[in-house]
Amino acid sequence: MNPTPQEVRYTMVGILLGMFLAALDQTIVSTAMPRIVGELKGAEYYAWVTTSYLLASTISAPIFGRLTELFSRKAILLWAVGLFLLGSALSGLSQNMAELILFRGLQGVGGGALFALALTTIAVLFPPRERGRLAGAFGAIFGLSSAVGPWLGGLLTDHLSWRWVFYINMPVGAVALGFILRYMPRLKPAHREPFDFLGAGLLVLWTVPLMLAFSWGGSTYPWGSPVILGLLAGALVGLGVWILAEARIRHPLFDLSVFRIPTFSLSALAAFFYGPAFLGAVAFLPLYLQVVKGVSASQSGVTVLPLTLGVMVGSLGGGQLLARLGRYKGLLLGSALFLLGLFLLLHFVLAVETPLYLVVFLFFLLGLGLGPAQSVLNIVAQSDLPRERIGSGTSMVQFTRQIGSTMGIALLGTVLAGSLSQHLAQAFPGGSTPAMARAGEGMALDLDREFARLEALLPQALAGDEAAYRALVQDPFLPAAYKEALEPGGLPARFARLEEEVTKALAGDEAAREALAKEPLLPSELKALLLPGGLVRGTLDLLQRAWSGDGAAREALLATPLGAGLRPLLDTPPPPALRPTVLAQVEARLRGEAGALVARVGAGLKAAQAQALQEVPRQVLAQLEAVRAKVKGALMEGIVEALRRIFLFGAGFVALAVLAMAFLPNRELQAARPLPSVE
């Protein structure tokens, strides 16, 4: 007995709600992460919160896809929703980063299963020609979640708690569970086969190192590092062992023979290349809007809405056209060529000065081109699959898309990092480049926030604040030239050291005198007291040379604070016979006034310190502001250049997808309704 129209309708409502939650959780957490790290600590594990979800969802899709071929699809779907909700609840209750990473992985298992099961259920309940409408709705859900997720995550974090980013799944998930429990038929397979535990284990064995290599490569570790090369080698060996095992086992996790079906293999290949093209278009555009166009983080979400709208319109429209026309090749090739042209147009048109309205319009067209492939490729891949392999085949297309996305986004992230590093190195003093934080959703560098922090800490450090000094020395964003100019204790400590050096120089320390002569903070009137041989000996030497007719010595002596008192002796030199006596008198007077001179020097240094505490921070901040302007310009140019390269790479990915689509057979999809086995 076939399911009734009401059962089908309400079943799809439950599946759509579950899939929306799984798609939403890929983006909703990103805006809450700074608050999560601040509360749970463990900033070094920041990226793992995203990576654990990505790994688990990627691996679980093909495993759960196979389970739907062996057990009741309803039971497997309920398990998937249950795991997702359990992971959500435990993530919200996490007390440290380790727990959050673990529970996000559990959540990812359910999320990946939901993706695979949703598309598999469509294939079971609807004929190929009608699947387009539902698949188009699924594609629109992905677009909607990418726009709503960051905004909703920020709203919940600001007004309730970051924990509600996870708790929000519970009521919606409960509704989804209710629809599935009440209306979904069991959809049992025709016959039961043993599950391939070896294949599942080997799948994990090569997928995890591959995903980690492309998640860490170029950011956590250099691409040529032993860690990345070791992971890639391990993934390659694991893949070979997995293929050998799947080819020999009687009931494999994934039947490799389906790759002989052109519609499946070519659709999976096209999905592999479409993944990075889609992410390349979506992941880096907010960076362009916020840094280059000066749009705030909240406004950039609104500005990207045209892209989301384009994806939704393209996905829904593609599904409707597929259902009406029945032929898919022209639709896929047309949308892909349109997308290829847009990527090339953006490569040549995008610039710092490109008007925002034009950028937003191009975003909409980009989404329009991306949409159809999101929905149609899965339908084409399913069209010739044997009924007993609908689940694993559908999930494998999703798996290849995710692998392609991970590998492609790593390549594009490296392009962005290289462009930014090159431009920033040219703009920063001494060619030093600030550390740039990379997260799972991409790369961010908030210049205004970074410079505002530096502008707040630098005056404090110069005034002697030890905490501010330590923070600046450890700050990877502060250029090395500024760090070298800082010292513990700030300007007060520097002037205390100067006072010691001046005392040594007055006593005749030549090394101290030479060092002080180059000191920019020492007033010129105090430098005039720093004579070779010390104050007393230096004054007597200058006086003798002046009596001998040395004009330079006379001027040097008059330039010192002692010059006014010695002017009579300079204007009317004593007879040579009396000069030893006069020199002895001058020496005695100088030694008698030593205390007053030291006090005079100390007062001068105090006044210089007070002036420096006002002038030096002002000068440093002015220099920093000039650096900010230069760096911001370099950052804008670097982002634009990187995006132009990324769009060129995106065009290359789409061209490869077009090449795969060109070999697809051009035939009409069946309109007959399938006959699922139900209870």
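Buried means under 20% relative accessible area, exposed means over 50%, and partly exposed is in between, with a 1.4 Å probe and protein chains only. I wrote that down before anything else.

**Ground rules**

I'm working on a predicted model, where local features need pLDDT of at least 70, side-chain atom pairs count only at pLDDT 80 or more, and totals for chains, interfaces and linings use all residues. Residues are numbered from 1 along each chain as its sequence is written, and side-chain values use heavy atoms, with hydrogens and water left out.

**Entry 1: the whole chain**

I looked up the secondary structure and got 28 helices and 2 strands for the protein chain. Helices (H or I, at least four residues) and strands (E, at least two) are DSSP runs, numbered from the N terminus. The chain has 679 residues, and 53% of them are buried. Then I checked contacts, meaning heavy atoms within 4.5 Å. Of the contacts between residues at least 6 apart in sequence, 80% join residues at least 24 apart.

**Entry 2: Lys74**

Is lysine 74 buried or exposed? Lysine 74 counts as buried because its relative accessibility is 16%. I found lysine 74 in helix H4, which covers residues 73-92. Leaving out residues up to four places away in sequence, lysine 74 touches Ile180, Leu181, Met184, Pro185 and Arg186.

**Entry 3: Met170**

Next I went to methionine 170, which sits in helix H8. Helix H8 runs over 169-183. Methionine 170 has 29% relative accessibility, so it counts as partly exposed. Which residues does methionine 170 touch, not counting those up to four places away in sequence? I got Leu85, Ser88 and Ala89. I also looked up the spacing to phenylalanine 84: methionine 170 is 86 residues from it in sequence, and the two are 9.4 Å apart in space, C-alpha to C-alpha.

**Entry 4: a cavity**

I searched for cavities and found 2 of 30 Å³ or more. On a 1 Å grid over the protein atoms alone, a cavity is a set of points where a 1.4 Å probe fits but cannot get out, and lining residues have an atom within 4 Å of a point. Grid points are joined across faces, edges and corners, and a volume is the space filled by probe spheres set on the points.

I took the second largest cavity, with a volume of about 30 Å³. What lines the second largest cavity? My list reads Gly18, Leu21, Val81, Phe84, Leu85, Leu114, Gly173 and Ala176. Helix H1 (5-24), H4 and H8 are the elements that give two or more residues to this lining. H4 has the largest share, with 3 residues. I sorted the lining into 6 nonpolar, 2 polar and no charged residues. For that sorting, Ala, Val, Leu, Ile, Met, Phe, Trp, Tyr, Cys and Pro count as nonpolar, Asp, Glu, Lys and Arg as charged, and the others, Gly among them, as polar.

**Entry 5: H26 and H27**

Helix H26 (residues 563-571) packs with helix H27 (residues 579-592) at an angle of about 175°, and their axes are 13 Å apart. Axes are lines fitted to C-alpha atoms, for helices over the stretch in contact, and angles run from 0 to 180 degrees between N-to-C directions. So I noted H26 as roughly antiparallel to H27, a label for angles over 145 degrees. Gly565, Leu566 and Leu569 of H26 make the contact with Val582, Val586 and Arg589 of H27. Those residues divide into 4 nonpolar, 1 polar and 1 charged.

Glutamine 382 is in helix H16, residues 356-383. Why did I mark glutamine 382 as buried? Its relative accessibility is 2%. With residues up to four places away in sequence left out, glutamine 382 touches Leu119, Thr120, Ala123, Arg131, Ile390 and Thr394.

Tyrosine 482 is in helix H20, residues 480-485, and counts as buried at 11% relative accessibility. Tyrosine 482 and valine 620 are 138 residues apart in sequence, yet 8.8 Å apart in space, C-alpha to C-alpha.

Valine 204 is in helix H9, residues 197-216. With a relative accessible area of 33%, valine 204 is partly exposed. Setting aside neighbours within four places in sequence, I found valine 204 in contact with Ile59 and Pro209.

Conventions
Angles under 35 degrees count as roughly parallel, over 145 as roughly antiparallel, 65 to 115 as roughly perpendicular and the rest as oblique. On a 1 Å grid over the protein atoms alone, a cavity is a set of points where a 1.4 Å probe fits but cannot get out, and a pocket is an open set with protein on both sides within 12 Å along at least five of seven lines; lining residues have an atom within 4 Å of a point.
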